[in-house]
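Hi there,

Here is the structure I promised to pass on to you. Please open it next to this email and look for each part as you read.

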Amino acid sequence: MAKGLSRQKKRDLVAYSFIAPNFIGFAVFTLVPIVFAFALAFFNWDGSNPITFAGLSNFKQLTGDVFFKAALKNTIIYCIGTVPLTMIASLALAIVLNQKVVGRGIFRTLSFFPYVASLVAVTSVWKMLFHPSKGPINNILYTVFHVPMEQLPQWFTGGLVLVSMILFSVWKYMGYYMVIYLAGLQGISAELYEAASLDGANTWQKFQYITWPQLRSTTFFVVVMLTINCFKVYDIAIMLAGGGSGELTISSTVLVYYIYQKAFIDWKLGYSSAVAMVLFLMVFVVTMIQFRGQKKYQ
Amino acid sequence: MKSARKKAIAGKVLVYVILIIIAALMIIPFIWMLSASIKSDREVFQMNPFVLIPENPKWSNYHDIWTKIPMLKFVENTVFLTIVVTFLQLLTSSFAAYSFAKLEFKHKNTLFFAYIATIAMPWQVYMVPQFIMMRKFGLNDKLLAIICLQAFSAFGVFMMKQFYEDIPDELCEAARIDGMSEYRIYASIMLPLSKPALSTLTIFTFVNTWNDYLGPLIYLKSEAKKTIQLGLKMFISQYSSDYGLIMAGSVLSLIPVLAVFLCLQKYFVEGVASTGLKG
């Protein structure tokens, strides 16, 4: 008995030795800061002077903060634009690439290029392509479509910033979601399509009655992932709309930028954490929806 | 019957037209980037006629970018970070995942719950307290900070565990009966079998670390510590109209990720698809 116990203990120790290298790093650099983040939202602190308890005042202040509201609004608009467009684009691409076409592998690889390419590099190309006065896009609008010079779109300022961000994001991430859809499509039994063909169904009917319903759980997953990733948008806004020192104006600010700005520029750590809690809540709600959905679909 | 065949051909044509349009949209920015990287600033925006390769290609852009900014230092820092982070991530998460997937031990579920509970937690939510903590540890403006931040993700453990669970337990059991230690089983049976998962995790980690912007922006302040992304961004804000040089720098920053991706992509598509559907 005593020997058995020690063998079990030995096994535990071996198991822990496997986990320890990762878990220690994970606990110190992820778990502890997460706990810290929740607490910090209820305090006022600038990082060097003594910390003071603030109760709910940080959250109360948020409700009257114009910049916060703009950041929240822009993030949500970005999300509403990006999620459906990326979903449709990646589904369409997946359906096309699921056909027997020549060079399928090459097309698949190409559509992944934007996803792996660094943001700094590809956004700088976009800023050239969409350059308001010199870029080829506006050049085409001017010479081919005869849009008057003064009405040419200013892609990276004012109301159009969000449109540019959405277009860019669809371009950059559709390849990734395409792969997820492709896996979903390959899971649909070919017999379903054969039966439909015998019944004389056309392409659109096959999509409507077979493909789309069969992909429900994939679509659900894609939409959840897309939404969460949109909530976290930051780099795209900074790269496309950020000024010389990387600052965002009220028309292009997003939640994560506001967290960053409040913490690392204004050093209002408590307030910044309160904004972070809003981001957390948004992601949390979507994750909960995902858990419930997963149960339903599987 | 004839009209059906016509329809089928029309369908095929449509598929190719869509494909070519999408492929063009995907690839044009990259072609533009390559083309602009060997042009002078005057030629970059020249549209009528648009030339892909200028008469006198300005190869010097690829030379000048190394002297205009400390590009070599940036590349060194990024390569160092990416290799160390990717190595640590692969090693520690496959290690932990083996234990979670194949061993029985006390508090297993509690420990794994810690990973599960935080996998959906955006880093942006706790990046501020994390910075404060790292600063206390004296890691501000140190490359080590980025390593600590990137190398121990819940995602890696989760992904590897999913993969290991699909490997039959009998393999491990048989090895145990043969007297192999758990470490030997991990090293000589599990690791060689998990190439697809390791490749996928390599691409994810490599691409994430190489392309990360916000992490380095928060931690790496002095120029000698900057990564290629920060350095390029800095260059762009300083010399916003040196388009040829900006593009040459961008092309250089893309080469390593594209190379890694092309080498491992065979597994990647498979990996994304499976982690995507399960995770």
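This is a predicted model: local features need pLDDT of at least 70, side-chain atom pairs count only at pLDDT 80 or more; totals for chains, interfaces and linings use all residues.

Below is what I found, going from the overall picture to single residues.

For the complex, the predictor gives an ipTM of 0.87 and a pTM of 0.89. Chain A has an average pLDDT of 89, and 97% of its residues score at least 70. Within chain A, α3(A) has the highest confidence, at a mean of 94, while α4(A) has the lowest, at 86. Chain B averages 88, with 97% of the residues at 70 or above. There, helix α4 (residues 71-102) of chain B comes out highest at 94, and helix α14 (residues 243-278) of chain B is lowest at a mean of 81.

**Chain A as a whole**

Chain A is built from 13 helices and two strands. Its C-alpha atoms occupy a box of roughly 70 × 70 × 30 Å along the principal axes. What is the radius of gyration of chain A, next to that of a compact globule of 298 residues? Chain A has 25 Å, whereas such a globule would have a value near 19 Å.

Of the 298 residues in chain A, 39% count as buried. If you take the contacts in chain A with a separation of 6 or more, 69% of them join residues 24 or more positions apart.

In soluble globular proteins, nonpolar side chains tend to be buried together. Here the largest nonpolar core has 159 residues, and the members that touch the most others are A237(A), L255(A), Y257(A), I259(A), V275(A) and L279(A). Helix α7(A) supplies the largest share of this core, with 15 residues.

Apart from its neighbours within four places in sequence, L255(A) contacts A71(A), L72(A), T75(A), F231(A), V275(A), V278(A) and L279(A).

**Where the chains meet**

How many residues does each chain bring to the contact? Chain A brings 73 and chain B brings 72. On the side of chain A that touches chain B, several elements give two or more residues, among them α1 (2-40), α3 (66-97) and α13 (269-297) of chain A. The largest share of that side, 21 residues, is from α1(A). Sorted by class, this side of chain A consists of 52 nonpolar, 15 polar and six charged residues.

**Chain B**

Chain B is also assigned two domains, domain 1 (2-58) and domain 2 (61-278). Their centres, over C-alpha atoms, lie 33 Å from each other. Contact between them involves 10 residues of domain 1 of chain B and nine residues of domain 2 of chain B. On the domain 1 side, α1 (2-37) and α2 (41-44) of chain B each give at least two residues. The most come from α1(B), which gives four residues. That side of domain 1 of chain B divides into five nonpolar, two polar and three charged residues.

Why is helix α13 (residues 228-238) of chain B described as largely enclosed by the rest of the structure? Because eight of its 11 residues are buried. The buried residues of α13(B) include I228(B), L230(B), F235(B) and I236(B), and also K233(B).

**Two residues with positive phi**

Most residues other than glycine have a negative phi. H146(A) has a positive phi near 55°, and this residue sits in the loop between α6 (136-143) and α7 (160-186) of chain A. Is H146(A) buried or exposed? It counts as exposed, because it has 7 C-beta neighbours inside 10 Å, and the limit for exposed is 12 or fewer.

In chain B, D141(B) is not a glycine either, yet its phi is positive at about 60°. D141(B) lies in the loop between α6 (123-136) and α7 (143-150) of chain B. With 13 C-beta neighbours inside 10 Å, D141(B) counts as partly exposed.

Enjoy exploring, and write back with any questions!

Best wishes

Notes: Residues are numbered from 1 along each chain as its sequence is written. Chains are lettered from A and ligands numbered from 1 in the order in which they are written. The radius of gyration is taken over C-alpha atoms; the globule rule is 2.2 Å times the number of residues to the power 0.38. A residue is buried if 20 or more other C-beta atoms lie within 10 Å of its own, exposed if 12 or fewer, and partly exposed in between; C-beta atoms are placed from the backbone. Two residues are in contact if their C-beta atoms, placed from the backbone, lie within 7 Å. Ala, Val, Leu, Ile, Met, Phe, Trp, Tyr, Cys and Pro count as nonpolar, Asp, Glu, Lys and Arg as charged, and the others, Gly among them, as polar. pLDDT is the predictor's confidence in each residue, from 0 to 100. A nonpolar core is a set of buried Ala, Val, Leu, Ile, Met, Phe, Trp, Tyr and Cys residues joined through C-beta atoms within 7 Å. Domain bounds come from an automatic or database domain assignment.
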